Amino acid sequence: MKKILQFVIAGAIILSVSCNSQIPPEPVGPVPSERQLAWHELEYYAFVHFNMNTFTDMEWGTGGEKPEQFNPTQLDTRQWAKVGKEAGMKGIILTAKHHDGFCLWPTKTTEHSVKNSPWKNGQGDLVQDLADACKEYGLKLGLYLSPWDRNNEHYGKPEYVQLFHEQLRELLTNYGELFEVWFDGANGGSGYYGGANETRKIDNKTYYEWPKTTKMVRELQPNAVIFSDGGPDVRWVGNEEGWANETNWSVMRRDEIHPGWPRYVELRSGHEDGTHWLPAEVNTSIRPGWYYHPGEDHQVKTLPRLVQTFYESVGRNGNFLLNLPVDDRGLVHEKDVEQLLALKQQIDKDFANELAQGQTIVASDVRGNDSAFSAENAIDGDKESYWATNDGKIQASITVSFEEPTEVNRIVLQEYIPLGQRVKKFKVSAEVNDEWKTIDEQTTIGNKRILQFETVKADKIQVEILDSKGPVTLSNLELYRAPALLVEPVFSRNRDGMVSISVPDDKVDIYFTTNGSDPTTSSSKYTKPFSLKEPATIKAIAVDTDSGQQTQPANQYFDIAKKEWHLIAASSGNLEDAEKLMDGNPHTFWATDKEDQKTPEITIDLGKSFELRGFTYWPIQIRYPFGIITHYEFLVSTDNKNWKTAVKGEFGNVVNNRIEQKVSFETLSGRYIKLKALKIHGEDPRVSFGEIGVLTK
């Protein structure tokens, strides 16, 4: 009997310890819904801005456009989906209706839609086409519906709200499952409004009956998250440049926020004391504009910029929404495709070989000393398991030990967010030759945090949680040794003739020549800017010091330096600021005045005479350009008195192809040059100059 009693007591103790140790930490603060958790898993997907603006070369249409203007000739939503899939994206969000009110589906609510366009003889439904393409390629579908409608005559009145809700109902019921419904914060202002051509203001907090709108989405698309400035499920990140702050909470005081919220800067970091789970979606376009403009074909984001955006979005606890401005053919432009695939290849390289799995890992504290919350859970590849500390333990460390010294330059950390976001401050360190070295110290983690750092050959990597809202719950710790970002070098030369050659990764060496020959690793190694005042072609290669891989040679021709140049006359404008048109940087500009009543022109003293055989003109490079010269006259003089026309003509397609324009002419001797703008593009009377140059004999 005594033995039986002892057995029962022992069993009770074991059961008690087991039950106590299996209790997970209590949730801390707001936690995500199931639809939000599913959204977090997507991480990277496409925005497609394609609508009436594509055919009017505008960003915001007025609403007075005609359905006949919408007429793509090669529209292929399967190409969009194929590109997205190959780029590693998980879904596509389409602008089903933008502010101009044109609907890409044959809605019953308005005649301003594809049903009255030439496309497919009015029988097309672009939303359905994309839904089918997404299904074929295994992508999720999301839809953007602008609350603002600059076309509809009833906008600003109760009748429009009913119409808006009916448009939403059509989209929610006719196209299968949606993962996201996207509402823009731009609301109310000037518009066509059925021919009224006036300004209409609304109360964007109440006009659209948001509670009713949200209820409709919940009933008809229960798995879809709703995006707007304040959600209710997903928030804007507070900029359109593609980055979240390093501190990025997935929670916010949501009831303070509304569409058009003036304190939008707070959206970049969230609120540590947030009342609702409201994670950030980081949106940006692969080009300067959201819609396709031929003049931006040369301004597709570079691979280094796209890689940076990935790390500053997905790597900072956000989802990456990258816009693809489908062109007027109805295709993702080939230059965009090239960069999308380059980004995919680089990210795949960065995270090709995970180094922590299979290594020894220990934690300073384990909840209940139970294997259910052990340190091994952080490196087991299972996001549903996690390392957790005991109640009250808001400071703890977890350490990975390698069997032999291992090179590391990336760390991925993820909290177990079903129980809330907790970490307020953490530090990453490496043990190198028995000495601990701090790699980085940061604040929030959330769903995913990726840190890049200088390559270290470490025996151990340690993550110290320095402050947390509650017991630590870390579901994932990954380590990588990413290769160098190897891209062709980029050249620049300033007014003084100093040439700089750059690459984005300082672990990459540059070798160059100035005589036009192809460089090798035996050529001059670039270490700092060097002087080049005479005409020459520079060629350069970038070489990964670790792998020995190298790029194809990049090259750049530079003519005479502009140090001695002076703008001595102009039809108007501030001459003191004129250095910007000859500073070697086409991204700065100078312009004449609006009041210029003469033929706009500039006169430059080159400092001495040269044998001139041509000139160059960079159009202005800003997002909303003005004053681009389309027709010109270029004159040369030896004395600034007697002028000879060297060439007169047109910059063909310069508005849609804003790259450097090179014009040759019969060789003339001269010290002074004059450029006249015989005709400019647009209504703005100012003439703009990104950069002026000459070609010498």
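The model is a predicted one.

Let us start with strand 4, which covers residues 178-182. Five of its five residues are buried, so the strand is largely enclosed by the rest of the structure. On one side, strand 4 pairs with strand 3 (residues 140-145) in the parallel sense, over four bridges. Within this pairing, leucine 143 has valine 181 as its bridge partner. Strand 3, helix 6 (residues 158-174) and strand 4 together make a right-handed β-α-β unit. Strand 4 also runs parallel to strand 7 (residues 225-228), and three bridges join the two. Here glutamate 180 stands opposite valine 225.

Now to the rings. The structure has 42 aromatic pairs. In one of them, the centres of tyrosine 144 and tryptophan 182 are 5.4 Å apart and the planes lie at 20°; an angle under 30 degrees counts as stacked, so this pair is stacked. Because tyrosine 144 belongs to strand 3 and tryptophan 182 to strand 4, the pair ties together parts that are 38 residues apart in sequence. Another pair, phenylalanine 373 and tyrosine 386, has its centres 5.8 Å apart and its planes at 50°, so it is tilted.

| Residue | Relative accessible area | State |
|---|---|---|
| Tyrosine 144 | 0% | buried |
| Tryptophan 182 | 5% | buried |
| Phenylalanine 373 | 4% | buried |
| Tyrosine 386 | 8% | buried |

Aromatic residues also gather in a cluster, whose members include Tyr155, Phe164 and Trp210. Finally, lysine 469 lies over the face of tryptophan 249, at 4.2 Å from the ring centre, and lysine 674 lies over the face of tryptophan 643, at 4.4 Å from the ring centre.

Conventions:
Residues are numbered from 1 along each chain as its sequence is written. This is a predicted model: local features need pLDDT of at least 70, side-chain atom pairs count only at pLDDT 80 or more; totals for chains, interfaces and linings use all residues. Side-chain values use heavy atoms; hydrogens and water are left out. Buried means under 20% relative accessible area, exposed over 50%, partly exposed in between (1.4 Å probe, protein chains only). Two strands pair if DSSP finds at least two bridges between them. A crossover is right-handed if, with the strands pointing away from the viewer, the path from the first strand over the helix to the second runs clockwise. Rings of Phe, Tyr and Trp (its six-membered ring) pair if their centres lie within 6.5 Å; planes under 30 degrees apart count as stacked, over 60 as edge-to-face and the rest as tilted. A charge sits over a ring if NZ of Lys or CZ of Arg is within 6 Å of the ring centre and within 35 degrees of the ring normal.
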